[in-house]
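Hello,

Here is the structure I promised to pass on to you. Have a look at it first, and then read on for what turned up in it.

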Amino acid sequence: MANFIAAIDQGTTSTRFIVFDRVGNIVAIDQRDHRQIYPGPGLVEHDAHEIWENTQEVIASAMRKSGLSSTDIAALGITNQRETSVLWNKNTGEPYANAIVWQDTRTNDICNKLEDIGGIDRFREKTGLPLATYFSGPKIQWLLDHHPTARSDAEKGITLFGNMDTWLIWNLTGGTQGGVHVTDVTNASRTMLMDLKTLDWDQELIKIMHIPASILPKIASSSEIYGYTQKSLSRVPIAGDLGDQQAALFGQGCYHTGDAKNTYGTGCFMLMNTGEKPVISKNGLLTTVGYKIGSNPAVYCLEGSIAIAGALVQWLRDNLQLIDKSSDIEPLARTVPDNGDVFLVPAFSGLFAPYWRSDARGVIVGLTRYVNKGHIARASLESTAFQTKEVLDAMEIDSKVKLNSLKVDGGMVINDLLMQFQADILNVPVVRPRITETTALGAAYAAGLATGFWQTTDELLSYWQKDKEWLPNMPETTRAMQYVKWKKAVSRTFNWVD
C-alpha cells in the first residue's frame, strides 16, 4: 500500500524532492542547486536541461536514502518558480535557449511599448496584473523574436512553451515520447495571457503579444491527475501542480477568506485568500488564482511580490564577500544594536509591489563614518521586513481586512532577528509552523486530495501546528520614525534607469 506523497519543489536557486507521510512529516529529502546565469546587467537565466537533470538526481537520491520504491508513493505534486519561461522543441526535447528567469528585465522595451497604449494597467481588469517584466507573456514574445527558428517552428506546431512546472511534467511523463503538455491555473495566471474569470487563454492577449496559441499548454486545475511518471519514478500519478507561492499558501492551511502567509525565499511573497471572486487591486498588488481543487470553484488571492529578499543575503555573501555563508548574516547583524540609521533598498531588478518601477535600482542611504559591516547586515535584513510592511498596508486597504497575525515560511524564517523585527514593524504576531517546507507540502496536499490520499482541507488543517511565535515589542514612535525613513530611502531609487 502506498503510504506516502512526494513533491518536487523546483525553486529559483535549487530543486528539491521531498516525501511526506500522512500527517505531513518529512520522511525523505534531497536537494541540488543549479547555476544562476547572468549574461549582463538585469539579465538572469537558468539552464532548463540542468534543472531537469537535477530533478532526476534528487528523486533518485531521496528514494535511495529512504529505501522507498515507486509503489510506496501514492502521488506526486509539483511546485515551481513562477514566470520563469522556457521554449523547447517537442520533437527533440531541446530548449531553444536558456530559460528566462522571473527576475530578468530584458523585456522592458516590450512592456513599455505595450504600456504606451492604455498604460501600465492596460490588462489588469482581465489578468489581475500590471504590465511588468516579471510575467511570462513578454518573455515568450522575446524568446520567439530572438531565436532564429523558434517562431517558424511554432508555425509548424513543434514549439512548446512552459513555466518550469510544465517543463518538468512534460519530461516526467515521457518527453518526446508522448509527454503531457499541461499547466495549472495558478501558473497560467502569472503569464499575463489568462483571463481570471474564464480561467482560459485569452485570444486577444495572445494576439497582442504575437504568441501562437499552439505553443501554450492546456490549463488544468491545481489538483487532478495530469498523467503518470515514465521517468525517475514508475507509473506514479502526477496529481498536484501549483506555483510556489500558491503552494505555500495551500501548505500553510490558508483556506478561508482573510487568511494570509508570507514566504521569505529568494524573493518575498505575501498572499491573502480573498475567496471565490477576484479582487482587483487599486494599490499595486497582484490579483492571482490561489488554487483550484478539481472541479471546485477557483479561490483567488491578492499578492504582494518583492523581488529581492534572501537574494540580498546571497549578494552580500557572493558579490561583496561580507559573510562566508548565508547563516553568518544574523550573528553579524547582532554585533550592532540597531541599523545605525542606514537603509538598504535592494531594487536590483527594479521594484515590484506596490510600486512596479522598472526604472528603480538599489541604494544604500544614511552612510556615515560610524557605519560598519554590522549595520549593513542589519539594514539588509530589515529591508525585507520593511518591504513586507509596504505590501501588508496595501493588502489591508484592498481587502478591507485587518490582519491579526502573519503565518511565515521559507528559508529566512530561521532568522530570529528578522522575524522579531518583522513582528515589531508590522505590529502583529508572526507565526512559524512546525513544518516550514510548506511550498512542497502544499503541492503534496494537492496531489493527495486528487488521489483520495487525503479527503478534505479540514483534514489538512488539523495537521498544521505552531512552532514559534514572535510578538511585537517596539514603541510606536520608533516604528513610525523608522518607516518614514524607509519610505524616504525608497524614493531615492526612482528614475535611475532612463
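Strand β17 (residues 286–291) and strand β18 pair in the antiparallel sense over five bridges. Two strands count as paired here if DSSP finds at least two bridges between them. Helices (H or I, at least four residues) and strands (E, at least two) are DSSP runs, numbered from the N terminus. Before you go further, please note that this is a predicted model, in which local features need pLDDT of at least 70, side-chain atom pairs count only at pLDDT 80 or more, and totals for chains, interfaces and linings use all residues. Residues are numbered from 1 along each chain as its sequence is written, and side-chain values use heavy atoms, with hydrogens and water left out.

Is β18 buried or exposed? Eight of the eight residues of β18 (residues 299–306) are buried, so the strand is largely enclosed by the rest of the structure. Buried means under 20% relative accessible area, exposed means over 50%, and partly exposed lies in between (1.4 Å probe, protein chains only). Both faces are covered, with Val299, Cys301, Glu303 and Ser305 buried on one side and Tyr300, Leu302, Gly304 and Ile306 buried on the other.

These strands belong to an open sheet of seven, in the order β17-β18-β16-β15-β21-β22-β23, with mixed pairing. β17 and β23 (466–470) stand at the edges with a single partner strand each, so one side of each has no neighbour in the sheet. From one strand to the next, the twist averages 30 degrees. Axes are lines fitted to C-alpha atoms, for helices over the stretch in contact, and angles run from 0 to 180 degrees between N-to-C directions.

Helix α9 (residues 244–251) packs on this sheet, touching β15 (260–264), β16, β17, β18 and β21 (406–409), and its direction makes about 55 degrees with that of β17. Contact means heavy atoms within 4.5 Å. Helix α13 packs on the sheet as well, touching β15, β21, β22 (430–433) and β23, at about 60 degrees to the direction of β23.

**Helix pairs**

The axes of α9 and helix α14 (residues 438–451) come within 7 Å and cross at roughly 75 degrees. The two are therefore roughly perpendicular to each other; on this scale, angles under 35 degrees count as roughly parallel, over 145 as roughly antiparallel, 65 to 115 as roughly perpendicular and the rest as oblique. Among the residues making the contact are Ala247 and Phe250 of α9 and Leu441 and Tyr445 of α14.

Helix α12 (residues 373–399) and helix α13 (residues 416–426) have axes that come within 9 Å and cross at roughly 40 degrees. The contact includes Leu381, Phe386 and Leu392 of α12, together with Leu417, Phe421 and Ile425 of α13. By class, it has nine nonpolar, three polar and three charged residues. Ala, Val, Leu, Ile, Met, Phe, Trp, Tyr, Cys and Pro count as nonpolar, Asp, Glu, Lys and Arg as charged, and the others, Gly among them, as polar.

**The six-stranded sheet**

Another open sheet has six strands in the order β3-β2-β1-β5-β14-β13, and its pairing is mixed. At the edges stand β3 (26–33) and β13 (223–228), each with a single partner strand, so one side of each is left without a neighbour in the sheet. The twist here averages 25 degrees from one strand to the next.

Strand β1 (residues 4–10) pairs with strand β2 (residues 14–20) in the antiparallel sense over six bridges, and Ile8 stands opposite Phe17 of β2. Helix α1 (residues 48–66) lies across β1, β2, β3 and β5 (73–80), running at about 150 degrees to β3. Helix α6 (residues 164–172) lies across β1, β5, β13 and β14 (237–243), at about 145 degrees to β5.

Phe348 sits in the loop between β19 (343–345) and β20 (363–365). At 29% relative accessibility, Phe348 counts as partly exposed.

Happy exploring!
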